[in-house]
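Here's a quick tour for someone meeting this structure for the first time. Have a look, then read on.

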Amino acid sequence: MKLATWNVNSLTVRLPHVLDWLSANQPDVLCLQETKQEDSKFPYAALKEAGYNAVHNGQKTYNGVAILSPHAIEAVHLDLPNYADTQKRIIAATIQGIRVICAYVVNGQAVDSDKYHYKLAWLNGLQSWLQAELSQHEKLVVLGDYNIAPDDRDCHDPQAWLGQVLVSPAERAAFQQLLALGLHDSFRLFNDQAGEFSWWDYRMAAFRRNMGMRIDHILVSNALKPHCESCVIDKTPRKLERPSDHTPVVLTLANASP
DNA sequence: ATGGCAATTCGAAATTGA
């Protein structure tokens with residue numbers, strides 16, 4: 001079973017890239033973030049044509065999350081139940097017996113800004129909701145844009161970024177709190193190298209110079225950990241014309257579905 | 001050189017992202 005996450009930075013603009021990527025990779029699950037569209041604009045028909053069912057939790061201009069799968073998408077849930085939020089950042093569903101949670105974590109803008117405090121409060125809400133979800137779903141995976149680089153290997157220049165948003169101690173502690181629920185950063189099950197990134201700034205030729213951050217993650221529950229076969233970052237779409245600034249992360253599970 | 005790029009929006013310049 002192949003599951004992937006991709007912040008597309010506008011599905012309106014990126015739909016051709018998404019359709020090409022689905023065709024080339026045939027994932028069982030693709031989670032999207034930053035669709036930036038209302039549900040009425042979501043391309044259900046084009047995805048169906050490509051063989052994919054989809055569920056979407058969207059809004060105009062900002063945020064928006066979706067789950068795509070060729071399989072049945074069941075028990076769909078929108079938003080954090082324990083955190084009042086007008087921003088569309090969460091969609092969850094059960095696919096092939098696996099609980100799939102797609103999350104677009106708050107960016108935070110700058111340490112100590114209002115948005116930063118919103119980020120930390122939101123992450124706290126995510127943590128307690130995930131605890132409840134884990135108690136009901138043994139096989140659970142959380143895919144998304146976490147807007148947190150877990151440690152210095154995940155940042156191209158830790159000195160320059162020291163204490164800033166995406167790497168600040170409080171954000172990293174919040175990420176560790178998620179892992180403390182019994183979740184595992186699947187990429188790190190297979191790769192301990194520094195300099196492996198999922199996002200690069202559009203400016204400064206950052207992609208060419210590999211000045212990036214690893215902020216898109218796939219966390220797996222204890223029950224799924226032994227089924228993990230590989231987790232890789234696919235840089236191919238980042239090399240296309242007019243790319244998203246993020247690129248897909250792909251997890252392969254062996255014999256995880258009943 | 002503290003900028004740079006890209007996407008969005010009642011449609012120019014402002015806001016946001018990371």
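A polar side-chain atom of Asn147 sits 3.0 Å from a phosphate oxygen of DNA strand B. That counts as a polar contact, meaning a pair of N or O atoms within 3.5 Å; within protein, one must be able to donate a hydrogen and the other to accept it, and residues adjacent in sequence count only if both atoms are side-chain atoms. Here it is beside two others:

| Side chain | Atom of DNA strand B | Distance |
|---|---|---|
| Asn147 | phosphate oxygen | 3.0 Å |
| Arg14 | phosphate oxygen | 3.1 Å |
| Arg203 | base nitrogen | 2.9 Å |

This is a predicted model, where local features need pLDDT of at least 70 and side-chain atom pairs count only at pLDDT 80 or more, while totals for chains, interfaces and linings use all residues. Residues are numbered from 1 along each chain as its sequence is written, chains are lettered from A and ligands numbered from 1 in the order in which they are written, and side-chain values use heavy atoms, leaving out hydrogens and water.

Around DNA strand B there are 22 residues, and Ser10, Glu34, Asn107, Trp199 and Arg203 come nearest. Being near takes a heavy atom within 4 Å.

Strands (E, at least two residues) and helices (H or I, at least four) are DSSP runs, numbered from the N terminus, and two strands pair if DSSP finds at least two bridges between them. Strands β7 (98–104) and β8 (140–145) run parallel, joined by 6 bridges; Arg99 has Leu140 in β8 as its bridge partner.

Finally, Gln59 belongs to the loop between β3 (53–57) and β4 (65–69). Is Gln59 buried or exposed? Its relative accessible area is 17%, so Gln59 is buried (under 20%; exposed is over 50%, partly exposed in between, with a 1.4 Å probe and protein chains only). A polar atom of the Gln59 side chain lies 2.7 Å from the backbone nitrogen of Lys88.
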